[in-house]
Amino acid sequence: MSEENKGGKLTKTGVVLLGISGGIFGVIYAVTTPFVLPAFRRICLPYVPATTTQVNNVMKLLMGRTGKVVDLGSGDGRLVHEAAKLGFKASGVELNPWLVWYSRLRSYQLGLHKQTAFYRKDLWKVDLTSYNTVMIFGVEQMMEPLEIKLDKELQEDGQVIACRFPLPKWTPTDIIGEGIDTVWLYKKQRDDLSQSSDKHCNTPDGSKIATDEVS
Ligand SMILES: C[S@@+](CC[C@H](N)C(=O)[O-])C[C@H]1O[C@@H](n2cnc3c(N)ncnc32)[C@H](O)[C@@H]1O
């Protein structure tokens, strides 16, 4: 049966069906858009959660240390939650609002909400000066500009734990795992500072930019 009456107007059923399909489309659009948007940023950092091996390797390098930890691009919060279980005050910075809310919910479920915090922020705009350890599971193109940001902002005795992709110029003090599960530990050093004194970097399209401009 047609949903239109003779005058060309929609029937009540037609209006309801149109409303329902519009609503479904709206929900799908709202949920999926934040997962797709990273692909359109200058540096594409998609949501790829760390595997159990990667999480374990990061935690091995974190063990025995103290202070405040932040995961840049925290996804569903798994690294932050594991760090909190080790006793750290752990924060996550994440652009995707759904992942931020999911991470907060998981914190409550795991009883870790007092040790954790999740912020919906662009990692390039976060001030890193108050953190002792920065965790990053990034992509290759972002490691050079990130290294320059760390040079500027990470405190003198601060450390970085990089999963899957290393920092290009800093010298690691420890490396564990292999292949895609490799994790590097770095301590901020004066040598590293001088090596990266040029506060510009190459973008994926080959142009030079100041790190402040990356987002
Ligand atoms: C490779 S995933 C890593 C997730 C998590 N750290 C883990 O190990 O499971 C990178 C995350 O960074 C987020 N992201 C991408 N660009 C970002 C930005 N500019 N600022 C903050 N988060 C960003 C993505 O939404 C994604 O969740």
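Student: What do the buried residues of α2 pack against?
Tutor: In this predicted model, they pack against α3, β4 (133-137), β5 (159-163), β6 (174-176) and β7 (183-187).

Student: And which residues of α2 are buried?
Tutor: Look for Gln-54, Val-55, Asn-57, Val-58, Leu-61 and Leu-62 in α2. Seen down the helix axis, the buried residues of α2 fall within an arc of 165°, so they line one face of the helix.

Student: Let me pick Asn-57. Where is it?
Tutor: Asn-57 sits in helix α2, which covers residues 52-62.

Student: How much of the chain's contacts come from residues 24 or more positions apart?
Tutor: They account for 61% of the contacts with a separation of 6 or more.

Student: OK, what comes just after α2?
Tutor: Gly-64 is there, with a positive phi of about 85°.

Student: Let's move to α3. Why is α3 described as largely enclosed?
Tutor: Seven of its eight residues are buried, so α3 is largely enclosed by the rest of the structure. The buried ones are Arg-78, Leu-79, Val-80, His-81, Glu-82, Ala-83 and Ala-84.

Student: Which elements do those buried residues of α3 pack against?
Tutor: They pack against α2, β1 (68-72), β2, α4, β3 and β4. Just after α3, you can find Gly-87 with a positive phi of about 105°.

Student: Now α4. How does its span agree with what you'd expect?
Tutor: Helix α4 runs over residues 97-109, which makes 13 residues. At 1.5 Å a residue these should span 18 Å, and the end C-alpha atoms are 18 Å apart, so the two agree.

Student: Which residues of α4 are buried?
Tutor: Leu-99, Val-100, Ser-103 and Ser-107 are buried in α4. Looking down its axis, you would see the buried residues within an arc of 105°, so they line one face of the helix.

Student: What about the other side of α4?
Tutor: There you have Pro-97, Tyr-108 and Gln-109, which are exposed.

Student: And what do the buried residues of α4 pack against?
Tutor: Their partners are α3, β2 and β3 (116-120). Just after α4 comes Gly-111, which takes a positive phi of about 70°.

Student: Which residue other than glycine has a positive phi?
Tutor: Arg-164 is one, with phi near 75°. Arg-164 lies in the loop between β5 and β6.

Student: Is Arg-164 buried or exposed?
Tutor: Arg-164 counts as buried, because it has 22 C-beta neighbours inside 10 Å.

Student: Zooming out, how many helices and strands does the chain have?
Tutor: The chain has six helices and nine strands. Of its 215 residues, 32% are buried.

Student: Last one: where does pLDDT stay under 50?
Tutor: That happens over residues 192-213, for which the model has 31 contacts beyond four places in sequence. Where pLDDT is low, the predicted coordinates should not be read in detail. Over the chain, pLDDT averages 86, and 84% of the residues score at least 70.

Definitions and conventions:
Residues are numbered from 1 along each chain as its sequence is written. This is a predicted model: local features need pLDDT of at least 70, side-chain atom pairs count only at pLDDT 80 or more; totals for chains, interfaces and linings use all residues. Helices (H or I, at least four residues) and strands (E, at least two) are DSSP runs, numbered from the N terminus. A residue is buried if 20 or more other C-beta atoms lie within 10 Å of its own, exposed if 12 or fewer, and partly exposed in between; C-beta atoms are placed from the backbone. Two residues are in contact if their C-beta atoms, placed from the backbone, lie within 7 Å. The expected span of a helix is 1.5 Å times one less than its number of residues. The arc is that of the directions from the helix axis to the C-beta atoms. pLDDT is the predictor's confidence in each residue, from 0 to 100.
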